[in-house]
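Thanks, everyone. I'll take you through one model today, starting with confidence and then moving to helix contacts. Please have a look at it first.

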Amino acid sequence: MTEDRVSQALDQDLVARVQRGDTAAFDLLVRKYQHRVAAVISRYVRDWSEVQDVAQDTFIRAYRAIGGFRGDAQFPTWLHRIAVNTAKNHLAAHGRRPPGEDIEIEDAEQFESGLRLRDNDTPERELMRQQLEQTVLAAVEALPPDLRDAITLREVEGMSYEEIAERMDCPIGTVRSRIFRAREAIDARMRPLLDHDELPKRSHAS
């Protein structure tokens, strides 16, 4: 669960950087989600070259719209909607229809909303979730640059320890140490909240 929260916090950090004009941060988001976006689009578009074109259009649309992203949904959910709409627009432009068995995006959003209600069935639990996400984000931003870079390369870009060692020009042991220390620092910031409220622990046990 900690790694999921780290990933969400890094998404928030990268989105905030893009909104401040950091185009390199958007490149990291593209690398992280390009395969997932292609997989979504491939449910609608069968030709792989077209899938790649629609994926590129999806990220262009996302980049243009990201200034309005406020975190009401998680970034992957927001990007998924853009991918679905872009794929459907592509089919419509070529006189084709989406697959008949596909779930409409409105239905998918309602289904997802239902899951969120089951996962966060009280205002207190929703507040705890928001506090945890904000705490993780603050913890990541507070890390020394070498630790923040290492955890970002691991969690956002999905690099192996060997690839990170090459990118950061340091031994693999150093990479492992930096990632371990980064996670320890994040856990330390989260622990008071988790110790204070047992709701997340009970939800895991159920």
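Confidence first, since this is a predicted model. The average pLDDT for the protein is 76. Of the residues, 72% score at least 70. Two stretches need a flag. Residues 100-121 have a pLDDT below 50. That stretch still has 17 contacts in the model, beyond near neighbours in sequence. Residues 197-206 are also below 50. There the model has 9 contacts beyond near neighbours in sequence. How should we treat such regions? Where pLDDT is low, the predicted coordinates should not be read in detail.

Find H2, residues 23-41, and H3, residues 48-65. Their axes come within 10 Å. They cross at roughly 140°. Because of that angle, H2 counts as oblique to H3. The crossing of H2 past H3 is right-handed.

Which residues of H2 and H3 meet? On the H2 side, we have Thr-23, Phe-26, Val-30, Tyr-33, Gln-34, Val-37, Ala-38 and Ile-41. On the H3 side, we have Trp-48, Val-51, Val-54, Ala-55, Thr-58, Phe-59, Ala-62 and Tyr-63. How do the residues of this contact between H2 and H3 divide? They are 13 nonpolar and 3 polar, with no charged residues.

Stay on H2 for a moment. Lys-32 sits in this helix, and it forms a salt bridge with Asp-11. Their closest N and O atoms are 3.0 Å apart. Asp-11 belongs to helix H1, residues 2-19. So what is behind such a pairing? Side chains of opposite charge can pair when their charged atoms come close. Lys-32 and Asp-11 are 21 residues apart, and the pair links distant parts of the chain. How many salt bridges does a search of the whole structure find? It finds 3.

H7 covers residues 145-155, and H8 covers residues 161-168. Here the axes come within 10 Å and cross at roughly 140°. Because of that angle, H7 is oblique to H8. H7 passes H8 in a right-handed crossing.

Who makes this contact? From H7, it is Asp-146, Asp-149, Ala-150, Leu-153 and Arg-154. From H8, it is Tyr-161, Ile-164, Arg-167 and Met-168. The contact of H7 with H8 has 5 nonpolar residues, no polar ones and 4 charged.

To recap the two contacts. Between H2 and H3, no charged residues. Between H7 and H8, 4 charged residues. That's my tour; over to you.

Notes:
Residues numbered from 1 in each chain as written. Predicted model: local features only at pLDDT ≥ 70, side-chain atom pairs only at ≥ 80, totals over all residues. Heavy atoms only, no water. Axes fitted to C-alpha atoms, helices over the stretch in contact; angles between N-to-C directions. Helix = DSSP H or I, 4+ residues; strand = E, 2+ residues; numbered from the N terminus. Parallel < 35°, antiparallel > 145°, perpendicular 65-115°, else oblique. Left-handed = near helix turned anticlockwise from the far one by under 90°. Contact = heavy atoms within 4.5 Å. Nonpolar A, V, L, I, M, F, W, Y, C, P; charged D, E, K, R; others polar. pLDDT = per-residue confidence, 0-100. Salt bridge = Lys/Arg side-chain N within 4 Å of Asp/Glu carboxyl O.
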